[in-house]
Every structure is written in structure tokens, then in C-alpha cells.
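Thanks for coming. I will go through one model and keep to the geometry. Here are the sequence and the structure.

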Amino acid sequence: MSTLAELLAEGRRERIYSGAAWSVGNAHGPLGRGWTGSRSWDGPPLDGDDVWDLASVTKPIAGLAVMALAERGALGLDDTVGTYLPGYRGGDKADLTVRQLLTHTSGIPGQVPLYRDHPTRAALLDAVRLLPLTAAPGTRVQYSSQGFIILGLVAEAATGQPLDELVERLVCAPLGMRDTVFRPDAGRRARAVATEDCPWRRRLVVGEVHDENALVLGGVGAHAGLFSTLADMERLGAALAAGGRDLLRPGTLALMTAPHTDGLALRRALAWQGRDPVDSPAGEVFGPDSYGHTGFTGTSLWVDPAARRYAVLLTNRVHPARTGEGITALRRAFHDIAARMTVDAAEDRHGTGQAGGRGGARDGA
């Protein structure tokens, strides 16, 4: 634990971020946790109750809601976009499937800054609909936030409920994730960690979604927009390590997290990233069947189902600017240490029946 705390303290000294929080645990809960640094470079120190912009870690959480809908028969993985969104019928995205959106194999282009020319929700959604495909569906893994924007619209159309309410009802409420929300209220914003000093907004972003496309959409999207705390992400990590406890049937989670793109260049599951054989953010020690997701703001969640362990890393690596480097190498090192730590902790506690507490190692707590 001290090695992990030292690694993350060094990340602050190297100005990769102003603050970081971490948790490593298993299906029963955290085995170690801690935090270091401050909410901004001139702000108060982290206290463990801080609120973080999850960025693209929103995608698998929204994906869990979609899989819960599929499990209930509200939609099907092979249903098409045109089935639910009449405005897409007759276009190049009408026959795209929910499965293709979840695996980033839809052919919809990746990170397109539509917000620059489409400053309203209606205009931006029209721009998403009209984006030309850049690959034939099913032939290429191309990471696409735009595809997940459409996925969120499909979930809303299938149920008649807003996406934020679906995520709350199907994911957050069952796990008691009380601080995992889109559009944080004033109380949560007061605990938020700063992200970018945004040139477009001309101010420091605190408690408001960092992703500009999500901001134009009103702060809610299946691709970005969720905020959370270390405690809430621990609850999610433990539930996933336990095989889907309180979220999905184990078979549904197994389907969701199994590789679906092994014939293509990158390993993708349904809304999750699989462990690529080279340069995986999971590092070198997490098992070959592990899965997870990263966020542009410097967040990540990784789960090893065979070992029934998880690792959460929350940072603000875009503070004060998104040009900062170092998070990629640090994240891999974090996961390598975390994976070894869970093995050591499990061996130390073998036969005791203890799950590990929430006290853990702390640096700057």
C-alpha cells in the first residue's frame, strides 16, 4: 500500500494532476484506499469525499443500464437504431445495432468536436445523425463517443425515460451509489475536483462536465457526464468483482464483459475495454480476461473477474490543461502494483473471513 501511495504522490510532484484517489479491493470491498494532493493546484486538500468527473467511465456505467434493459426485454442487442429513432430511418445509421454501438464497431467516427459549430442540443444531435460513417459496420473498432450518444437516445426511446433516470434506477440505486450523478447539485459541486482551465469556456471548470459535447447536450450523455466519489466507485468495483451482484445476472455480466471483437485489432466487450495484449491501460499483471475503462480526465476502473478484484483510480490529469502527459505510464504502473497488492492482501488474510476495511493507506488524507 505504501508503494502505491508513493507512486501517486510522485504523480502530483510531477504535476500530472493536482490530486488522486485510489481503491483496490475484491468482491467483498476495499483492501486498501487513499488519496493525495488537492482539488486544484491552489485549492483545499482532498478529504476522500471528493467528487470527480468520470469522463468516459460514464460509458460502461450507461452500458450497465443498457444491459439491464436487455435483460428485462426492453430492447435487444441486435435491435437496430432505426427501430427506436425514426429520424435515423433511411440514413446510413438506420441498421446499426445496439451491439455495434456498445463495441465501437458501428463505423461512426470518433472524437469529433461538434460543439464548436453546433452550440445547441438540437443542432448537435442533428450533427451526430448526419456524421458520415468512416468504416463499414462490424469491420473495425473505432472508439466513438458519438456512437454512445446515439446509444443513450436508443435507451431513452425504448423506455420513454431520460438517460439519467435510467442510470440512477438501474445502476446507482441498487448499489447505493448516492453521489454518482449527472449534473451535480450545489452541494456536490462544492466538493468537486477541478478539471481544465477551459479555453472555450474561458474559465476553470469545477463541478461541470469537462466534455464539451456533453455540456452542449445539457450535461447528460451515455458517453460522458457522470460524476462520482471514491466510495461509490468502490461499490461498483466490488459488485462487478462479485459477478454482477445487485446489478445483473452473472450470465448477463459475463456476456457483457466477454471479448466481442477478437477478430479485429482492439479487444472490446460490450461498453467495456478488454485487455489488449500490448499497451493495455491495465498493465501487465491483471489477467487476460480482465476488463475496464478509462476516462479522459484521468479516471479508470479495472476488474479482474478470475481473481475477483478491482482497482479504481481517480485523478484530474486535465488540470489545468489537457495537454499534460504522464497519466498513461502512471496508470499502468498503478494497475501492476494494485494487482500484486490484492494477491498479497488475500494471502495475508487467508482463512480470516475478513474483507478489508475502508481505512487503508492514506497519503494527504
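D279 is exposed, at a relative accessible area of 53%; exposed means over 50%, buried under 20%, and partly exposed in between, with a 1.4 Å probe and protein chains only. The residue lies in the loop between strand 8 and strand 9, where helices (H or I, at least four residues) and strands (E, at least two) are DSSP runs numbered from the N terminus. Phi of D279 is near 60°, a positive value in a residue other than glycine.

Before going on, the conditions. This is a predicted model, so local features need pLDDT of at least 70 and side-chain atom pairs count only at pLDDT 80 or more, while totals for chains, interfaces and linings use all residues. Residues are numbered from 1 along each chain as its sequence is written, and side-chain values use heavy atoms, with hydrogens and water left out.

H104 also has a positive phi of about 60° and is not a glycine. Its place is in the loop between helix 4 (98–102) and helix 5 (121–130). Is H104 buried or exposed? H104 is buried, with a relative accessible area of 1%.

On backbone geometry there is also a cis peptide bond, between H319 and P320, with omega about 0°. P320 is in the loop between strand 11 (309–315) and helix 12.

Now the strands. Two strands pair if DSSP finds at least two bridges between them. Strand 5 and strand 6 (203–206) are antiparallel, with three bridges, and A194 has V206 as its bridge partner. The two strands form a hairpin with four residues between them, and R202 in the turn has a positive phi of about 60°.

There is also an open sheet of three strands in the order 3-7-4, paired antiparallel. Its edge strands, strand 3 (52–53) and strand 4 (181–182), each pair on one side only. Strand 4 and strand 7 (226–228) are joined by two bridges, and V181 stands opposite F227.

Next, rings. The structure holds two aromatic pairs; rings of Phe, Tyr and Trp (its six-membered ring) pair if their centres lie within 6.5 Å, and planes under 30 degrees apart count as stacked, over 60 as edge-to-face and the rest as tilted. One of the pairs is W272 with Y291, edge-to-face, at 5.0 Å centre to centre and 70° between the planes. W272 is in the loop between helix 11 (250–257) and strand 8 (273–274), and Y291 is in strand 9 (291–295), 19 residues apart. W272 is buried at 0% relative accessible area, and Y291 is buried at 1%.

The charged end of R309 is 5.2 Å from the ring centre of F286, and that of R317 is 4.3 Å from the ring centre of F296.

Which element gives the most to the lining? Helix 12 does, with four residues.

Terms used:
A charge sits over a ring if NZ of Lys or CZ of Arg is within 6 Å of the ring centre and within 35 degrees of the ring normal.
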